[in-house]
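Biologist: Before going into details, I would like to learn how to read the charged pairs in a model. Please show me the structure and start there.

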Amino acid sequence: MRLKALIIPIILLVSFSLYAQTDQSQLPYSVSGTVVDAETGRPLQFVGVSFTGMRYATVTNSDGGFTLKSATEPETVDFSLLGYKTVRMVFPKDGTPLKVKMPKGDLTLDGALVIADPYSVLQRAIARIKDNYPKQPELFDCFYRETVQKKNRYVYVSEAVSRMYKSSYFRGGIYADRIAVDKSRIIESSAKRDTLSVKVVGGPVQAVILDIVKNDDLLTAEELSNYALEMDLPAIIGDRLQFAIKLIPINATPYPLYEGVIYIDRETFAFTRFDLNYDMRDKDKVAQSILVSKPVGLRFTPTQVSIRYDYSLSEGISRVSYVRSVMRFKCDWRKRLFRSEYTAVSELVTTDRHSGDIEQISRKESFGGREVLSELAAENYDPEFWKDYNIIEPSESLDKAIVRIVRKTDRN
């Protein structure tokens, strides 16, 4: 299924709330800090942060900040990012924040890598899926966040602690995979001018639906015939050399095609990352794919739809680690001169992986295909919501925006 198959709306409405079903165990061992470029000092976002040899992981926010927690005491912390050398640091037992400086990766090219045939590389990676991905069902703890900005101002934030069940890649198919939400909160602007009853695709189940390796949407001979493939400059992810294959749409289809880059591990031929955008040449077609509903008379114009899906390598197996989608669109009412610009961002990180016997999440517990996170919420607000969980730490701008929204709502 491509993004158009998701029917989990992001809703811009008025209210703020928290929904809680179960509590997770406290994670007593914690490390926090910031990650910057070693040369420029610029904060680095989306850096993979993990405890060496352990299952706990997260990513840095837009300020380069991170918090990572564990049930057992770790020894070292690893940091990895596309184009940079992996950095390993000793876990600070005294709780001192880490200041991590990541140097650019050294890339040594050889002829075979530069002139590799993209079709042959891609076909070999497809043939290796059953070898490179889990053969047994797995259960992950996840943290999910979605935000909506009106121009540069946040008007909506939702966060959820969830579990994700992934069935075997050996048998293929996403239809047995499920997400369950254990705890969530919704924070929304109460200002009438921010209220816009537009529903677009999104939601925690994107980590299931957008699993391109597993869902047989893009990686089929029929679908790939709609694209031209080109070798892009090689890249390094986690100190591992990657083939980079550019995806270029060439045919007209009833749905929007992708354009972007697919990264494939040179040694294992495992898919490492899909970094894709919708082809925006036909905005009406894109709108039909992402828009669930809107008020009569409102004009909805998409300007960007992008998808990033990351897999991480551990013990010789590649697993989903981070998913992010960005939608930018403009809305205006007929007969009005000005358009409002909105940006909807959703991201999910797998923070832990359970071992032992794994039970599938029941249908009753599973987050449904047409459920909306805000509809599960009860009227409550917990300012310490994220601090007890191993998650994507809010950026400073997001943290301040949450406080402002809550204060305005309290006054109302």
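Modeller: A salt bridge here is a side-chain nitrogen of Lys or Arg within 4 Å of a carboxyl oxygen of Asp or Glu. Searching the whole structure gives 19 salt bridges. This is a predicted model, in which local features need pLDDT of at least 70 and side-chain atom pairs count only at pLDDT 80 or more, while totals for chains, interfaces and linings use all residues. Residues are numbered from 1 along each chain as its sequence is written, and side-chain values use heavy atoms, with hydrogens and water left out.

Biologist: Which residue meets lysine 166 in a salt bridge?

Modeller: The partner of lysine 166 is aspartate 177, at 3.3 Å from N to O. Lysine 166 belongs to strand E11 (residues 153-166), and aspartate 177 sits in the loop between E11 and strand E12 (178-188), 11 residues apart. Strands (E, at least two residues) and helices (H or I, at least four) are DSSP runs, numbered from the N terminus.

Biologist: Is lysine 166 buried or exposed?

Modeller: Buried means under 20% relative accessible area, exposed over 50%, and partly exposed in between, with a 1.4 Å probe and protein chains only. Lysine 166 has a relative accessible area of 3%, so the residue counts as buried. Aspartate 177 is also buried, because its relative accessible area is 7%.

Biologist: Which lysine meets aspartate 177 at 2.8 Å?

Modeller: That is lysine 214, the distance being taken from N to O. Lysine 214 lies in the loop between helix H4 (206-209) and helix H5 (221-224), and the two residues are 37 apart in the chain. Both lysine 214 and aspartate 177 are buried.

Biologist: Which residues are linked with these in a network of salt bridges?

Modeller: The network is formed by Lys166, Asp177, Asp211 and Lys214.

Biologist: What does aspartate 310 pair with?

Modeller: Aspartate 310 forms a salt bridge with arginine 308, at 2.6 Å from N to O. Aspartate 310 has 7% relative accessible area and is therefore buried. Arginine 308, at 11%, counts as buried too.

Biologist: How many helices and strands does the chain have, and what share of its residues is buried?

Modeller: There are 7 helices and 22 strands. Of the 412 residues, 54% count as buried. A contact means heavy atoms within 4.5 Å. Among contacts with a separation of 6 or more, 68% come from residues 24 or more positions apart.
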